[in-house]
Amino acid sequence: MRVTTAPPKWQLLSPEDKKERASRVKVALLDFRADSVTRNDISTAVQLRELSSDSPTAYDGLLSRLFVVEDLSRDLIESLGLNLDVDPMFFREHISDYIWYNTRDPWIELPDIDLVSRKRSYFHVAYSPTRYFRTHKDLSLARMEAGGFNVLRRINRDAIWVPGADIPGSEVGLLRSKISFWLQPRKESSTDPVTAILLVDPSITRGFPLWGGHNDFDVCPSVTDKVRAKRPQNSVFEDMIYHLQNMSAEDLAMVGRDPRMLFQKPLCVVCAEWQTLLQYTNTRLTQLEWEIQDPYLRNVEEDLTTTLDKLHPWRRRFPLFKTIVSEVLTKVIRREEFPFATTNSLLILEKDFELILDQLNQLHNRAERIMSVVTAVMSIEESKKALGQNRSLARLTYLAVTFVPLSFVSSFFAMNEDVTRLGRTFWIYFAVAIPVTLSALIVVRFSDTLSNIAGRLLQFSATKGQ
């Protein structure tokens, strides 16, 4: 395998970059026992080949073994794929984050039909974590950092800045992220330890998790309980490992009946990230509603067209978000047929994702209503502008009506060749011009009324004639 990154990136890399990316390895091997979880960090392909080729049965008391992998590379894929017999599609489907494809893209990933996907021992879950950046430069550097990943991951700029609420120049980025879980095939009657792989995305170091990141999943401990280590907040890799290392003995015992139990905590992290995104979306829609109600909350140079520009990206995202959450429900959580599973340990999260989908529907409908309100307000404002223009035209009409009779009368009296004779008749100009002008103004001002009177008189005369 020559290509070690997303195909669009490969042709842009230098030979030195290709060599470094091809040998990139960052793996944590977690060995689960009834009373402990052992971590072994792996940073080279040689280590990975040695540990992945070991049989789990050689370790006493081992219940399950999980390879937590950050990013992908050629050496990593070949080492794990060869020794664990991994389906190549598992790695391929994790590489890209495309929402749609061009008709000429050769790297398109056509979805499997449900009959085929149920037979596979892996699944992928997409989600969109949020990240706060204090300056535009931080966002640009974060995008460059994401370009250094082997997997294709991008940051969408929200592009909504609210005066008085946000720091000038600050940004919020929506990441396109994905986690993937694979279970090693084995015989149905086998009692060997479970071996699985969890793929997670590299972390962006620029910026901060929005609102400090998601909450912990455990209830507040008692004052007599042992204090746990602080949860990592700036690394997806370490965050996943933290939750996996703190699995209870009951959860570890469940792995034998359902290997998907190893994916329950990572899926909780995904659920928490969706909750943060929903809260952020609600905040932005509320701010847009306030902008419509109070124009002083907008920038001086902004109008409602700018509000529409802010709203359009969210209207485009909501259908995508709903599709992603629906796929998690149907293809992951509600999937009853999974290799070597006699129960479904992920069903406990069904209600949470149903609530997320319901909130997405509500926010989508709310965005559509805001769009209708903005359009209606813009129509009202345009009508007011049109009325103002009509008043200006009316003033011009009055001026024209005023000066046209004066021009006519002055032209009429100017037809006399002997100007000296006008001295005795000059007063006649005003005596004629003023009544004619007033008559013209009255006709223009009350033209509608006079038209109604004339129509009634004609109708009366026609009736009397009959």
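**A helix pair and a sheet**

Guide: Helix α10 passes helix α11 in a left-handed crossing (the near helix is turned anticlockwise from the far one by less than a right angle). This is a predicted model, in which local features need pLDDT of at least 70, side-chain atom pairs count only at 80 or more, and totals for chains, interfaces and linings use all residues. Residues are numbered from 1 along each chain, and side-chain values use heavy atoms, without hydrogens or water.

Helix α10 spans residues 264-293 and helix α11 residues 304-333, and the two pack at an angle of about 155° with their axes 11 Å apart (axes are lines fitted to C-alpha atoms over the stretch in contact, and angles run from 0 to 180 degrees). That angle makes α10 roughly antiparallel to α11 (over 145 degrees). The contact (heavy atoms within 4.5 Å) is made by residues including L267, W274, Y280, R284 and I292 of α10, which meet residues of α11, among them L304, K310, W314, F318 and V328. The residues of this contact divide into 16 nonpolar, 2 polar and 3 charged (Asp, Glu, Lys and Arg count as charged).

Elsewhere, an open sheet of 4 strands has the order β6-β7-β5-β10 with antiparallel pairing (at least two DSSP bridges to a pair; strands are DSSP runs of at least two residues, helices of at least four). Its edge strands, β6 (155-157) and β10 (208-209), each pair on one side only. Within the sheet, 4 bridges join β5 (residues 130-133) to β7 (residues 171-175), and F133 stands opposite E171 in β7. Helix α7, residues 136-147, lies across β5, β6 and β7, and runs at about 155° to β6.

Notes
Parallel < 35°, antiparallel > 145°, perpendicular 65-115°, else oblique.
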